[in-house]
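The following exercises are to be worked with the sequence and the model in view. Each task is followed by a solution in steps.

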Amino acid sequence: MPKTYVLFVFITILSCSKHKNTPKADSLHKNKKPNIIYILADDLGYGDVGIYGQTKIKTPIIDELAKGGLRFTDHYSGQTVCSPSRCALMTGKHMGNASVTRNGQLLDPDDVTIAELLKPRGYKTGIIGKWGLSKGATSENSPNQQGFDHYFGFDNQGFAHFYYPEYLWRNHTKVKYTENIGIRDEKGHYIEGKGTYSHDEFAKEALQFIRENKEHPFFLYLPFAIPHAELTIQEEAKKMYRGFNWPETPKEVGGGAKKGEGYGSQYVDGYCAQKEPNLTYAAMITKMDSNIGRILEVLKELNLEENTIIMFASDNGPSGEGGQDMSFFDSSGGLRGHKRDLYEGGIRIPFIVHWKGKVKSGSVSNHPSAFWDVLPTICDLAGVKTPKDIDGLSLLPTILGDTKKQEKHDYLYWEWQYSKKPKYEVVRSGKWKLFKITSIKSDEWFYELYDLENDKAESTNLASQHPEIIEKLEAYFEDAKH
């Protein structure tokens with residue numbers, strides 16, 4: 001069915017008041033439209049970045065982006081796992097309305113993505129890395145069919161788990177890496193010095209995309225796979241961490257999804273074996289950081305710094321599937337939980353916005369926001385009217401320092417059910433966060449209520465003390481599905 005593009009002034013979730021571009025936002029488009037680069041890490045925890053409190057892993061470039069721009073303290077991913085989170089990011093819809101709510105589901109081809117909104121306005125659109133919303137590079141919900149002029153990456157979610165793939169896709173052309181076939185030893189370790197590392201290919205492709213499109217406004221979506229399990233990286237990247245002699249618990253080969261769910265032929269046993277997962281995890285994040293530095297250098301070289309806004313985030317909370325010790329790094333940054341939780345550690349993420357000359361250096365915002373706010377923000381940046389059927393609110397007033405004009409959500413909403421566990425529905429409204437947890441064996445449920453202003457670790461359930469808060473917030477569970 002052909003897509004219908006509806007361009008409309010955005011309507012807020014509850015009040016139905018018109019969303020308006022701020023005067024500052026309008027003035028942006030008198031000159032050249034800004035370039036937009038959105039960098040997404042995979043399973044990077046709230047506490048895995050130096051500027052958010054990390055003390056062991058080195059992230060100097062990301063830290064400088066924050067120091068020279070804006071750091072959000074209360075920004076959330078779309079979901080606590082990959083695919084639905086990316087759906088929320090691309091479509092501006094939370095889990096009450098998104099077409100993808102669980103891993104393994106695919107994007108509705110009729111969904112309108114950020115790229116599809118920008119492309120008609122003259123933007124060159126590119127995605128390099130992990131899409132995670134389709135199977136096959138030519139399927140109807142693959143990046144090239146969802147508004148991206150250029151695509152380079154994995155052709156499915158499962159294959160994106162491995163850093164030495166047999167092939168990647170450049171648009172509809174398969175790029176083969178035959179040197180990557182059979183490069184594990186008999187115990188499942190990668191053989192040092194062999195193969196082509198996919199993240200290096202992504203970084204190289206990103207630099208090329210920027211150079212090729214320097215004369216046009218461009219939107220580059222850069223969803224790196226780092227630091228998602230499996231954990232592996234070249235020895236050269238590990239050297240800076242060798243002298244710390246961190247404790248290590250070696251990981252054997254295995255883990256991840258089942259055979260036949262998108263893995264390449266050489267990965268039937270799952271994630272690689274890893275003798276030093278802690279060191280490797282740190283080195284992978286630092287390598288991503290350094291490649292972000294390479295992007296900044298090219299922008300400076302091409303005199304694009306002042307016309308390029310850079311956003312950096314993670315798709316959900318951290319995971320220990322690769323064998324690293326999340327508590328050793330305090331990856332959740334003092335928050336409760338991790339990936340596959342709707343507690344803060346599973347969904348609160350780093351979010352940094354940098355725009356030389358436009359965003360005030362050293363800014364910090366505690367405005368509660370989420371992935372579904374990114375689409376309307378980017379629309380405002382590009383001078384594109386936001387579709388009416390989304391859940392997000394533009395963050396451009398906050399980004400430009402005009403916080404008095406920032407619209408606020410009445411609530412943020414998530415829902416999640418993992419395997420044969422209870423169903424979780426969650427709303428955050430102001431400082432309050434309410435869980436409605438429903439048993440899988442009956443229709444019975446119970447509540448958990450947390451005051452995030454005074455208890456960001458969600459250690460004290462206040463449900464029995466504030467029935468009036470529960471009564472107010474409970475109505476949002478139904479409202480979120482309209």
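**Exercise 1.** Is Thr 438 buried or exposed?

*Solution.* The model is a predicted one. Begin by locating the residue: Thr 438 belongs to strand β14. Next, take its relative accessible area, which is 17%. Residues under 20% count as buried, and Thr 438 is therefore buried. Finally, list its contacts: leaving aside residues up to four places away in sequence, Thr 438 touches Pro 422, Lys 423, Asp 443, Glu 444 and Trp 445.

**Exercise 2.** Determine the order of the strands in the open sheet that contains β14.

*Solution.* The sheet has 4 strands, in the order β12-β13-β14-β15, and their pairing is antiparallel. At its edges are β12 (412-416) and β15 (445-451), each of which pairs on one side only. From one strand to the next, the twist averages 15°. As background, the strands of a sheet pair through backbone hydrogen bonds.

**Exercise 3.** Which helix lies across β12, β13, β14 and β15?

*Solution.* The helix is α12, residues 467-479. Its direction is at about 65° to β14. A salt bridge can then be traced between Lys 436 and Glu 474, with the closest N and O atoms 3.3 Å apart. This pair links distant parts of the chain, since Lys 436 is in strand β14 and Glu 474 is in helix α12, 38 residues apart. As to accessibility, Lys 436 is buried at 12%, whereas Glu 474 is partly exposed at 24%.

**Exercise 4.** How many salt bridges does a search of the whole structure find?

*Solution.* The search finds 27 salt bridges. Two further examples may be examined in turn.

- Arg 170 and Glu 205 meet through their side chains at 2.9 Å, N to O. Arg 170 is in strand β5 and Glu 205 in helix α5, 35 residues apart. Arg 170 is partly exposed at 32%, while Glu 205 is buried at 10%.
- Glu 236 and Lys 239 form a salt bridge with their closest N and O atoms 3.1 Å apart. Glu 236 is exposed at 57%, and Lys 239 is partly exposed at 49%.

Notes:
Residues are numbered from 1 along each chain as its sequence is written. This is a predicted model: local features need pLDDT of at least 70, side-chain atom pairs count only at pLDDT 80 or more; totals for chains, interfaces and linings use all residues. Side-chain values use heavy atoms; hydrogens and water are left out. Two strands pair if DSSP finds at least two bridges between them. Helices (H or I, at least four residues) and strands (E, at least two) are DSSP runs, numbered from the N terminus. Axes are lines fitted to C-alpha atoms, for helices over the stretch in contact, and angles run from 0 to 180 degrees between N-to-C directions. Contact means heavy atoms within 4.5 Å. Buried means under 20% relative accessible area, exposed over 50%, partly exposed in between (1.4 Å probe, protein chains only). A salt bridge is a side-chain nitrogen of Lys or Arg within 4 Å of a carboxyl oxygen of Asp or Glu.
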